[in-house]
Amino acid sequence: QDLKYAEQTRKEIDEKIAVWKSEYNGEPYGNEVKNRSAIVSKDIKKQSEWQHPTLIDPFVSSPDIIKAAPVTFEDVKAARQNELVLNTQFCRQFNRYNFMTKSVKVLDQEGTCVIMTGWEYEDKKVEVEVPVIITTPDGIQRQIGTRMEEQTVVVKNRPTAKVCRNEDVFIDPTCMDDPDNAQFYIYRYETDMSTLKTDGRYKNLDKVNIDSSQDTDYEEEDTTKFKF
């Protein structure tokens, strides 16, 4: 029901974005008449793409993007350590050039860019060899051998960020332009049943009729023929 209420506001915004993108691409305005040129100068697109590298460069040319500031004296060492870890993850384990390019492009063309943040965590159980230490009666510690022990090893533990398509984000229209007052955010996306089961959050998957073709106004993000 919340989605139905928000769809009308979403359509109004989509209509504005469609006009902006049309002007950006230099498409005809539709008021051309006979003996009048239908050519539209792509000044908006030229100016926009000219400034993109300048906007992206500060975020992809420096290894120190994230600054962690301590709150108390006891937090100084932890803040410095977190800063080093996050900068390493953002600069080396995250495609920041692609992320910033897409963010700037969407924001410049559509006036709004929604970033979905999250945290990726994965661990696994492994068998490791650990030493066995004994203490002799005279107080000396000695290693007599080793044994196998199961331990948990962290495979992934890092933040994530994804640029969402504006047409797939529905925000509470009663928030009066203040996101903190929004009672709901709805994000529409394509997925498959195996992914939903692996996620572990969904308890009503048995109610989904995956064999029926439902009418929807969802526009696919890609042009492949895969059905999700």
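Which residues make the nonpolar surface patch of about 350 Å²? I found that Trp119, Tyr121 and Val154 make this patch. I took patches as residues with over 30% relative accessible area and no salt bridge, like charges being joined within 9 Å and nonpolar side chains (Val, Leu, Ile, Met, Phe, Trp, Tyr) within 5 Å.

The model is predicted: local features need pLDDT of at least 70 and side-chain atom pairs pLDDT 80 or more, while totals for chains, interfaces and linings use all residues. Residues are numbered from 1 along each chain as its sequence is written, and side-chain values use heavy atoms, without hydrogens and water.

Entry on Val154. I located valine 154 in strand S2 (residues 141–164); strands (E, at least two residues) and helices (H or I, at least four) are DSSP runs numbered from the N terminus. Valine 154 is partly exposed at 46% relative accessible area, where buried means under 20%, exposed over 50% and partly exposed in between (1.4 Å probe, protein chains only).

Entry on salt bridges. I counted 12 salt bridges, each a side-chain nitrogen of Lys or Arg within 4 Å of a carboxyl oxygen of Asp or Glu. One of them joins lysine 21 to glutamate 110 (3.7 Å, N to O). Lysine 21 is in helix H1 (residues 2–24) and glutamate 110 in helix H4 (residues 96–110), so the pair ties together parts 89 residues apart in sequence. Lysine 21 is partly exposed at 31%, whereas glutamate 110 is buried at 10%.

Entry on the network. I noted that salt bridges link Arg165, Glu167, Asp168 and Arg188. Arginine 165, buried at 15%, meets glutamate 167 at 3.5 Å and aspartate 168 at 2.9 Å. Aspartate 168 is buried at 2%; glutamate 167 is partly exposed at 27%.

Note on methods:
Areas by Shrake-Rupley, 256 points an atom, 1.4 Å probe, with all protein chains shown as cover.
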